[in-house]
Number of protein chains: 2
Amino acid sequence: MAGHLPRSHQSGDEREGDLRRLHDLLRSAILRGVFPDGLLPTEAELMASYGATRATVRETLAVLRREGLIDRRQGVGTHVVVKAVLTQLVEAHGAEPPSQESLLNRRLRPRVLDRSMIPLPALAADRLDAPAGTPCLRLEYVSLFGDEPHGMATNYVLSPEAERMADMPFVHDWYTLLNEAGVGYGESEFIYGCAAADAATAARLGMAEGSPMITMEQVIRDAAGRPFNLAFIHIRGDRFLFVSNAARRQ
Amino acid sequence: MAGHLPRSHQSGDEREGDLRRLHDLLRSAILRGVFPDGLLPTEAELMASYGATRATVRETLAVLRREGLIDRRQGVGTHVVVKAVLTQLVEAHGAEPPSQESLLNRRLRPRVLDRSMIPLPALAADRLDAPAGTPCLRLEYVSLFGDEPHGMATNYVLSPEAERMADMPFVHDWYTLLNEAGVGYGESEFIYGCAAADAATAARLGMAEGSPMITMEQVIRDAAGRPFNLAFIHIRGDRFLFVSNAARRQ
């Protein structure tokens, strides 16, 4: 396919591909924490393993550094400076109890930004099958893992759940709050995407403006299928990943 | 909590919150295609519905415009210029057959960038339980929906599946290719995150450099549980969303 292209163009595509692929592989390995002691292979080792040129290896490392994933020091080498926390999607759904090591096993704590009764906004009304203006609880918070902001969420909760949650101490994560408030729930739905952080959200999450965030819009239903909770969730994509597994129905 | 804060600070937080919440609600409604004829409410309607100031409404609309989601024309109003395609996550896993209207129902076509046998890269080896250097098929492509690039993927496939797929015409999507090549599969795992597009990836996907992309790292196993396929997938987050549903185990 590329046979008729001039040699310089073909090489550009090859170089672009090498850079992208090495970036994908290294980024994944860094976030999954596979390097012993967080020390990356040397440039020479990476060149040999991937058949990449020194220029490509250096450019890849420069990109990873700009992403805030590694640090390079003369004479010391290249070190990983972050490790992502992986959360099972079924746990994020609240569908299964959190595993021992899960973030959702009481490892998070919230910094509440707003907890007030408001009229349900018109654009949230269709998602909750309720008229605009219905009284609802708005609960907005930054979620902290240790001292680091991990994400933030705006929740809209209808009655009667709203009343049960209005004054309940919010200590860990959303599902713990639901449980402690005696609010039962059944199915939950996520719509996943991503977005660039605006200045204010970036500041709340400790990121640079424009940094990519995972976006999750969630609707939680009660055991009878009535939606009572709509949430807009933004998560730091450079620190937190979600894992989902599914087997083919034979 | 904010009672001791100076009034100007409190107002800044309130304004930030109004902007973020209106942005979340409008962005979701735009991507889900809820506005009749793609026409957004007027500024006055948005101010009344959300109790937001005119400045907040205008700033929110400016952010949505910069994100490439709406267009504003004097005397005509504010129109939606995109609509996202939602894909069920179980279908993206290959776990269930695609529904009639699904993207995965033969609506995509690939532009192949690379299809060659290569030694398995060291950083891919642990994910496929195979030694580095094992011969594998690398198949890299941009996925098109209509004429629009929707995502791109780099696949590493072990033998014997690699040989079955090496010369098979690649016409629609990955699962169609697996099926047409007679490659059976069982479980698949995704690790989801997001990333900013580098210059080359952005160009391939028709986005500006730095635009947010959904990242999905996938491992597909055969019916016996042996991993044979590792993929790094990048998806335009402003056009494609994933939906997942899970019910709580009672």
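Visitor: Which strand of chain B pairs with strand β10 of chain A, and in what sense?

Guide: First, how to read a strand: helices (H or I, at least four residues) and strands (E, at least two) are DSSP runs, numbered from the N terminus. Two strands pair if DSSP finds at least two bridges between them. Here strand β10 (residues 240-247) of chain A pairs with strand β7 (residues 187-196) of chain B, antiparallel, over six bridges. A247(A), for example, has E187(B) as its bridge partner in β7(B).

Visitor: What should I know about the model and its numbering?

Guide: This is a predicted model, where local features need pLDDT of at least 70, side-chain atom pairs count only at pLDDT 80 or more, and totals for chains, interfaces and linings use all residues. Residues are numbered from 1 along each chain as its sequence is written, chains are lettered from A and ligands numbered from 1 in the order in which they are written, and side-chain values use heavy atoms, with hydrogens and water left out.

Visitor: How much area do chain A and chain B bury between them?

Guide: The size of an interface is often given as the accessible area lost when the parts come together. Buried area is that loss (1.4 Å probe), summed over both parts. For chain A and chain B the value is about 6200 Å², with 53% of it on carbon and sulfur atoms. Counting contacts (heavy atoms within 4.5 Å), 71 residues of chain A and 71 residues of chain B take part.

Visitor: How many salt bridges are there between chain A and chain B?

Guide: Side chains of opposite charge can pair when their charged atoms come close. The cut-off for a salt bridge is a side-chain nitrogen of Lys or Arg within 4 Å of a carboxyl oxygen of Asp or Glu. Between chain A and chain B the count is twelve. One of the salt bridges joins R20(B) to E140(A), at 3.0 Å from N to O. On the side of chain A that touches chain B, helix α1 (residues 7-32) of chain A gives the largest share, twelve residues.

Visitor: And within chain A, which residue does R15(A) bridge to?

Guide: R15(A) forms a salt bridge with E59(A), their closest N and O atoms being 2.7 Å apart. This pair links distant parts of the chain, since R15(A) sits in helix α1 and E59(A) in helix α3 (residues 54-66), 44 residues apart.

Visitor: Where is the hairpin of β1(A) and β2(A), and what is its turn like?

Guide: Strand β1 (residues 70-73) and strand β2 (residues 77-80) of chain A run antiparallel, joined by four bridges. D71(A) stands opposite H79(A). Three residues lie between the strands, and G75(A) in the turn has a positive phi of about 80 degrees.

Notes
Buried area is the accessible area (1.4 Å probe) that two parts lose on being put together, summed over both.
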